Amino acid sequence: MDPETTLRRTSLHAEHVRHGARLVPFAGWEMPIQYRGVLAEHAAVRASAGLFDVSHMGELEVYGAEAEAFLQEMTPNNVSRLATGQAQYTALLTAEGTFVDDLLIYRLAAGRFLLVVNAANTAGDLAWIRKHIHGEVQVRDLSGEYALLALQGPRAAGILGRFLGKELQDLGSFRFTMEPMDGSTLLISRTGYTGEDGFEIYLPPAMAPSVWQRLMDEGERDGLVPVGLGARDTLRLEAALPLYGQDIDMTRTPLEAGLNFIVKLTKGEFMGREALVRQKEEGVGHRLTGLAVTQRGIARPGYPVRVAGREVGVVTSGTHSPTLGRAIGMAYLPVAHAEPGTKLTVVIRGNEVEAEVVPLPFYRRPPG
Amino acid sequence: MVPEDLKYTREHEWLRMEGDTATIGITDHAQEEMGDLVFVELPAEGDSLATGKVLGTVESVKAVSELFAPVDGEVVAVNAALIDRPELVNQDPYGEGWMLRVRMAGGGEDLMNAAEYQSYLQDGGDA
């Protein structure tokens, strides 16, 4: 079977081609990896703004009289603290407390939630939810009904405000608003995956090309550029935002991944809680840890990490950090070797290259 | 962009032959395929090269590519500017982005001329 013919295209495919994107297969989709270049796109998001097509993400709707109670059982964060108009970062966990997926939950109404999940996990998440569903709850896959744009960077709020003809300064982080447009509705949330201020815009696929073009026009004077998945990865890694399949997966728990803020052990029973209570009591053995390579070389996923010649972990994500100008990475390391300043080495094509443990995130956006 | 006066390999390296010396770099097509280079690792002056053996590495943000020696010989110069400015390879692959200079001792029989490399690229350019 020719893989080219089986890849799905987003509603913005023609825009990507027009902007000179290099398109690559990603999670079953043909997605833009870069337009002008990863470094320029990365810098634009840090300094002004970038526009991403992330329509490959999955959207599942969970609704019904007992939807809140069901999601409370299925996720470690506290869904009852989520008001309508708010979004929450959380996870689906196994009974062992490990990741089925990480996701955002939006409360659309009292008994209606939108779960935004990783493209590669959408089918698996849906099956997982269906396997556990009970009571007055329904789930449906709405992935085909949403395109998703991410507008990210310090100039994002200004650009979006001009586009909407309405200031968005009051929309807080992890809050969303429903904005009518052209007889339809845009769901706009102050969320993102870059470490910058920014927004994600959920909209009908048929509207996406015109909204994309109008945002690009509106943002031109701010230096807005289209940004591909290549820079999305370097941006999210600098901000130490985990990527499912690399940094978190079905062998790792949120406590090991340093995502303690999504684990609310006192909220009541939920899937994986017992395992997490036990892990917390015993203490985690390994923790997702930041590394900076201090000699020449770039840490890549899969490269071994050694302390005093002995392998202690493996790089889960690693790249050249465009903002810091050096190589960074993350690895699960024994807690004894996870303290900032710890000297270690990364084995790069057979050579031990010096590195050290650094605090996460690697990059934090300047205040204001 | 395929300059007429150079020789080319299937791994998308170019050679500028001057007497028994060859200056070596990667082609415009190669840098375009790699994207922004952020790391270049080259041999040292005095190292000997054997055709087909790995002589160095170039890395973009996303990818690692090895460089293969296109000829036998001894390294007589390396472009040290690339250590701090690997982007020179993207900006000027046939000029300031040159990588090393070799005193040739043999090999190089399978190199392509510009027209042959051009048609190799049109056929997909897979070694």
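Predicted model: local features only at pLDDT ≥ 70, side-chain atom pairs only at ≥ 80, totals over all residues.
Buried means under 20% relative accessible area, exposed means over 50%, and partly exposed lies in between, using a 1.4 Å probe and protein chains only. Residues are numbered from 1 along each chain as its sequence is written, and chains are lettered from A and ligands numbered from 1 in the order in which they are written.

Helices (H or I, at least four residues) and strands (E, at least two) are DSSP runs, numbered from the N terminus. Here is a tour, topic by topic.

**Aromatic rings**

- Over all chains, the structure holds seven aromatic pairs; rings of Phe, Tyr and Trp (its six-membered ring) pair if their centres lie within 6.5 Å, and planes under 30 degrees apart count as stacked, over 60 as edge-to-face and the rest as tilted.
- One of the pairs is B:Tyr8 with B:Tyr117, which is stacked, at 4.5 Å centre to centre and 5° between the planes.
- This pair links distant parts of the chain, 109 residues apart: B:Tyr8 sits in strand E1 (residues 7-8) of chain B and B:Tyr117 in helix H4 (residues 114-122) of chain B.
- B:Tyr8 is buried, with a relative accessible area of 0%, and B:Tyr117 is buried with a relative accessible area of 0%.
- B:Tyr117 also pairs with B:Tyr120: their ring centres are 6.3 Å apart and their planes lie at 35°, so this pair is tilted.
- B:Tyr117 and B:Tyr120 are three residues apart in helix H4 of chain B, which means about one helical turn separates them.
- In chain A, one aromatic cluster is formed by A:Tyr106, A:Tyr146, A:Phe176 and A:Tyr202.

**Arginines over rings**

- A charge sits over a ring if NZ of Lys or CZ of Arg is within 6 Å of the ring centre and within 35 degrees of the ring normal.
- A:Arg252 lies over the face of A:Tyr332, at 3.9 Å from the ring centre.
- In chain B, the face of B:Trp98 has B:Arg101 over it, at 4.5 Å from the ring centre.

**Two crossing helices in chain A**

- Helix H6 (residues 156-164) and helix H7 (residues 208-219) of chain A have axes that come within 9 Å and cross at roughly 120°; axes are lines fitted to C-alpha atoms, for helices over the stretch in contact, and angles run from 0 to 180 degrees between N-to-C directions.
- H6(A) and H7(A) are therefore oblique to each other; angles under 35 degrees count as roughly parallel, over 145 as roughly antiparallel, 65 to 115 as roughly perpendicular and the rest as oblique.
- From H6(A), A:Ile159, A:Leu160, A:Arg162 and A:Phe163 meet residues of H7(A), including A:Val211, A:Arg214 and A:Leu215; contact means heavy atoms within 4.5 Å.

**An enclosed helix and the loop after it**

- Helix H8 (residues 229-238) of chain A is largely enclosed by the rest of the structure, because 10 of the 10 residues are buried.
- The buried residues of H8(A) pack against several elements of chain A, among them strand E2 (22-26), helix H3 (38-47) and strand E17 (310-321).
- A:Ala240 lies in the loop between H8 and helix H9 (273-282) of chain A, and A:Ala240 counts as buried at 18% relative accessibility.

**Backbone points to check by eye**

- Most residues other than glycine have a negative phi, and most peptide bonds are trans.
- A:Ala240 has a positive phi of about 60° although it is not a glycine.
- B:His12 has a positive phi of about 70°, again without being a glycine, and B:His12 lies in the loop between E1 and strand E2 (13-18) of chain B.
- A:Leu360 and A:Pro361 are joined by a cis peptide bond, with omega about -5°, and A:Pro361 is found in the segment after strand E20 (351-358) of chain A.

Note on methods. Heavy atoms only, no water.
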